[in-house]
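Please look over the sequence and the model shown below before reading on. The report that follows starts from a single residue and then widens to the chains and the places where they meet.

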Amino acid sequence: MKLLSVITALFLFFSLMADRRKTWNGIVKGMTMFLKLLPMLMLMLALVSIVLFLIPNETLVNYMGKGSGVKGWFTAAALGSIALIPGFIAYPLCGILIKSGVAYSIIVVFITTLMMTGFLTLPVEAKFFGWKVSLIRNLISLAAALFIGFIMGFFL
Amino acid sequence: MKKLKKYFAPIVFLILIGLSYLFDFAAGEKIGLNFWMFFKEMILFLPVMFILIGLFDVWVPRERIEKHIGKDSGWKGTGLVILLATLQAGPLYGAFPFAYILWKKGCSIRNVFIYLGAFATIKIPMITFEIGFLGLKFSLLRTLITLPVFILIGYFMEWYLKDKDFEVKQP
């Protein structure tokens, strides 16, 4: 986040030095895209907030904890796939889960699906890639997450 | 009017949250807090990202992108998009607009999806966070296993979309 801001500020500075009009055009282009996406993003964040409220941490531990077996994998994949959740929320949560006895391979499935697949974010994704391709990307990523978790299970 | 219509659902949501606070409705307050946490992240981070995308659009010539990460760029191009992706931050929906601009400038389908994969799973700012919470060994292993997987996904998407007139659209 900080890095991105610094890089953008630097670019903006040099861009302004080089060509004011071009810079302005660029900013307008970027902001137009942003404003077009904003309502959709807000709606998605609203849905994610509701889902997160409905599923408290204790429930997660319950479903993915020791001896949860296939149910744990299934829960991790299903919950992880609901939305794209940023790392600053996902990691502290995973820290809690590990301490509560959730297996590493299940954590990997959870993290990977959290980051790569989001069915609530599909409408946003579909605006860029179309519904079919977005759906395929999400389903493949889901399968990939399970695979990655499976492999991780051999090491940790 | 059409613009306002798009905001209808978010506005209803915000009104409900507002009412929850007014009448001390605990569930609504909690949901509102969650929303605020996400919204803060988005509103701080996305405008910065979109300015970068806009500048990228007006300054970077298509030929250059095409040459380095286009159809015939090979492993070097793959390495380059992965590097580009890992230096960024934020949730995956922030990467979609960047994927669009890369595509517009001639990035190959394979590299667009490899970019998304790398962005989602192995961003460096996020990895440092991951190491803090889950340990270096976990992070390293996950990165090493995930890397070839999303490169494969990139190849698969390229193969699948080869003759399908696929394009990344501007929303």
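With a relative accessibility of 0%, A:Thr113 counts as buried, a word used here for residues under 20% relative accessible area, while exposed means over 50% and partly exposed covers what lies in between (1.4 Å probe, protein chains only). This is a predicted model, in which local features need pLDDT of at least 70 and side-chain atom pairs count only at pLDDT 80 or more, whereas totals for chains, interfaces and linings use all residues. Residues are numbered from 1 along each chain as its sequence is written, chains are lettered from A and ligands numbered from 1 in the order in which they are written, and side-chain values use heavy atoms, with hydrogens and water left out.

The buried residue A:Thr113 belongs to helix 6 of chain A, which covers residues 104-116. Helices (H or I, at least four residues) and strands (E, at least two) are DSSP runs, numbered from the N terminus. When its neighbours within four places in sequence are left aside, A:Thr113 is in contact with A:Ala76, A:Ala77, A:Gly80, A:Ser81, A:Ala83, A:Leu142 and A:Ala145, where contact means heavy atoms within 4.5 Å.

**Chain A as a whole**

Chain A has eight helices and zero strands. Its radius of gyration is 19 Å, well over the 15 Å that the globule rule gives for 156 residues, so chain A is more spread out than a compact globule; the radius is taken over C-alpha atoms, and the rule is 2.2 Å times the number of residues to the power 0.38. Along its principal axes, the C-alpha trace of chain A spans about 60 × 30 × 30 Å. Of the 156 residues in this chain, 49% count as buried, and among its contacts with a separation of 6 or more, 73% come from residues 24 or more positions apart.

**Domains**

Within chain B, five residues of domain 1 are in contact with nine residues of domain 2. These two domains of chain B bury about 470 Å² between them, 73% of it on carbon and sulfur atoms, where buried area is the accessible area (1.4 Å probe) that two parts lose on being put together, summed over both.

**Where the chains meet**

How many residues does each chain bring to the contact between chain A and chain B? Chain A gives 74 residues and chain B gives 71 residues, and the two chains bury about 6,900 Å² between them, with 84% of that area on carbon and sulfur atoms.

One residue that reaches across is A:Ile98, which touches B:Leu134 as well as A:Tyr104 and A:Ile107, not counting residues up to four places away in sequence. A:Ile98 lies in helix 5 of chain A, residues 87-99.

The rule finds one salt bridge across the interface of chain A and chain B, a salt bridge being a side-chain nitrogen of Lys or Arg within 4 Å of a carboxyl oxygen of Asp or Glu. A:Lys29 forms a salt bridge with B:Asp57, and their closest N and O atoms are 3.3 Å apart. Between domain 1 and domain 2 of chain B, by comparison, the rule finds zero salt bridges.
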